[in-house]
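Work through the exercises below with the sequence and the model open. Each task is followed by a solution in steps.

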Amino acid sequence: MTKPVVLIAEELSPATIDALGPDFDVRFVDGTDRPALLSALADANAVLIRSATKVDAEAIAAAPVLKVVARAGVGLDNVDIKSATTAGVMVVNAPTSNIISAAELTVGHILSLARRIPAAHASLAAGQWKRSAYTGTELFEKTVGIIGLGRIGALITARLQAFGVNVVAYDPYVTPTRAQQLGVQLLELDDLLAQSDFVTIHMPKTPETTGMIGAEQFRLMKPTAFVVNVARGGLIDEEALHAALAAGEIAGAGLDVFSSEPPAQDGPAFPLLGLPNVVVTPHLGASTDEAQEKAGVSVAKSVKLALEGDLVPDAVNVAGGVIDPFVRPGIALVEQLGQFFTGLAHSALTSLDIEVRGELAAYDVSVYRLAALKGILANVVSENVSYVNAPLFAEQRGIETRLIVEAESPLYRNITILRGTLSDGSVLTIAGTLAGTRMVPKVVDINGYDIEVPIERHHLVMRYADRPGIVAIYGQKLGDAGINIAGLQVAQADASGRALSVLTVDSPVPEELLEDMRQAVGADLFRRIEVTED
């Protein structure tokens, strides 16, 4: 059996290779050598990169069997996520690999500014002894303002509190309860800037946050205050920062990131580099041995999950976050229900409700929407459908979806229901659950018919006027064709007098036999269901 090809395009730690394990054909290429990269991508199922390799639309087009792009780090500026999503390629990174390193570097910048360590070092290294020239300030009882109280902000808070500082924060997405747990006072941004002795920013870079600390914000700060940016270049307006430093509006700055890297001589950051009250480092937030190893191992694990057809918590172009272990077993069930749905549908789907009922209501089950769409569209579109591009295909087809979560589930501990409206106005419903301690996936309802059928590879579903001898008719025909019936469930007739039978068979049923059986039993619904696994 041919092993999936994993392409390593930049230098990664030996632990990264070890984390991939023996089940892959690991190959190496210099990602900065464009012709070599494009050639190597031709049969690559996954590519692992850092920051030097560009995976753009051209690279993705050159990789027809590519399933995942893995960036061993946090940023994804060198990956064309839109092109990857359109092609059904998962993009993953290592969002938590460098958080400790970034937090520690932030504290390092704060201490360097407070005690003027770099300038004092340079002076002494030049043969000077000027103790009085480098008098600093203590952190004790100072106020540190953190803009962005996410994972890194919380780590910085914990580390700085040991210095006896007062930590305040601005983050519109953090609840007062969470801030209280961290021992942080939430403030509006203007109030934080006015009160803080040190300000450190840890926001994502978006159109809204680019330049969010500018001339107006510097005017609010104390003339003795310092500002630090170890997050993303461009969050601080560099021209405004230079002007504020020159005017004495603030005391100094610590910068690890810049709007253009490396800072160009004609760029806004370059004049900052030589100022005596500015501490600069060349984007070292993730530059520790530990962070690099964590990043490599993390994305290697993500590649394994992706190539095994599983969902990847660190995928950036897949909705939802970390999948709870209680939620994960239902993903395959919901995808299989989607395949069942498509097999039963007699016209195009226009809208779909994914209803999740029972104890699962207490969890984030947004991944079930992806699973349902992937199952429904797998045999509908010509392209390869994945958890990445299924919502895109659904949108292109005008399929509206809703995820409905309810705790009430009278009959089952948990049940997932797919209820779709078809283009002719009819409604198709299929429901399933995981049964017993073995969590066997079962279909438990089709259009109101109460059944309980374990999901297998091959099924037949038929609806007909209930009368004696029907089972014998299709049993005989399948027997004559040498097709074994592995399971059979007949649902009681509804108000119209029609019954529903679901058969599990050991092998595919030929098309001509299907039509013969349909006519023999007089079925108004007769469908062959093929459930596949990735």
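Predicted model: local features only at pLDDT ≥ 70, side-chain atom pairs only at ≥ 80, totals over all residues.

Residues are numbered from 1 along each chain as its sequence is written, and side-chain values use heavy atoms, with hydrogens and water left out.

**Exercise 1. The parallel sheet**

Solution: 
- Step 1. Helices (H or I, at least four residues) and strands (E, at least two) are DSSP runs, numbered from the N terminus. Two strands pair if DSSP finds at least two bridges between them.
- Step 2. Strand β1 (residues 5–8) runs parallel to β2 and is joined to it by 4 bridges.

**Exercise 2. The mixed sheet**

Task: Trace the open sheet of 6 strands and state why one side of each edge strand lacks a neighbour.

Solution: 
- Step 1. The strands follow the order β14-β13-β15-β16-β17-β18, with mixed pairing.
- Step 2. β14 and β18 (449–454) are the edge strands; each has a single partner strand, so one side of each is left without a neighbour in the sheet.
- Step 3. Pairing in the parallel sense links β13 and β14 over 7 bridges, and I354 stands opposite L403 in β14.
- Step 4. β13 and β15 run antiparallel and are joined by 9 bridges; E355 stands opposite I417 in β15.
- Step 5. β15 also pairs with strand β16 (residues 427–435), in the antiparallel sense over 6 bridges. L418 has I430 as its bridge partner in β16.
- Step 6. α13 packs on the sheet, touching β13, β15, β16 and β17 (440–446), and its direction makes about 150 degrees with that of β16. α14 also packs on the sheet, touching β13, β14 and β15, at about 135 degrees to the direction of β13.

**Exercise 3. Helix α14 and residue S386**

Task: How many residues of α14 are buried, and where does S386 lie?

Solution: 
- Step 1. Buried means under 20% relative accessible area, exposed over 50%, and partly exposed in between (1.4 Å probe, protein chains only).
- Step 2. In α14, 10 of its 11 residues are buried, among them Y368, L370, A371 and K374.
- Step 3. These buried residues pack against α13 (329–344), β13 (349–358), α15, β14 (400–406) and β15 (414–422).
- Step 4. S386 lies in the loop between α14 (367–377) and α15 (390–396). S386 is buried because its relative accessible area is 12%.
- Step 5. Leaving aside neighbours within four places in sequence, S386 contacts G88 and K374. The C-alpha atoms of S386 and A371, 15 residues apart along the chain, are separated by 8.9 Å.

**Exercise 4. Residue T106**

Task: Is T106 buried or exposed, and which residues does T106 touch?

Solution: 
- Step 1. T106 is in helix α5 (residues 99–115).
- Step 2. With a relative accessible area of 0%, T106 is buried.
- Step 3. Not counting residues up to four places away in sequence, T106 touches I156, T200, H202, V228 and V230.

**Exercise 5. The largest pocket**

Task: Describe the lining of the largest pocket by position and by residue class.

Solution: 
- Step 1. On a 1 Å grid over the protein atoms alone, a pocket is an open set of points where a 1.4 Å probe fits, with protein on both sides within 12 Å along at least five of seven lines; lining residues have an atom within 4 Å of a point.
- Step 2. The largest pocket holds about 1400 Å³ of space, a volume being the space filled by probe spheres set on the points, which are joined across faces, edges and corners.
- Step 3. Of its 48 lining residues, V74, G75, A231, R232 and H283 are the closest to the centre. The elements that give two or more residues to this lining are α5, α7 (151–161) and α12.
- Step 4. The lining divides into 20 nonpolar, 18 polar and 10 charged residues. Ala, Val, Leu, Ile, Met, Phe, Trp, Tyr, Cys and Pro count as nonpolar, Asp, Glu, Lys and Arg as charged, and the others, Gly among them, as polar.

Conventions
Contact = heavy atoms within 4.5 Å. Axes fitted to C-alpha atoms, helices over the stretch in contact; angles between N-to-C directions.
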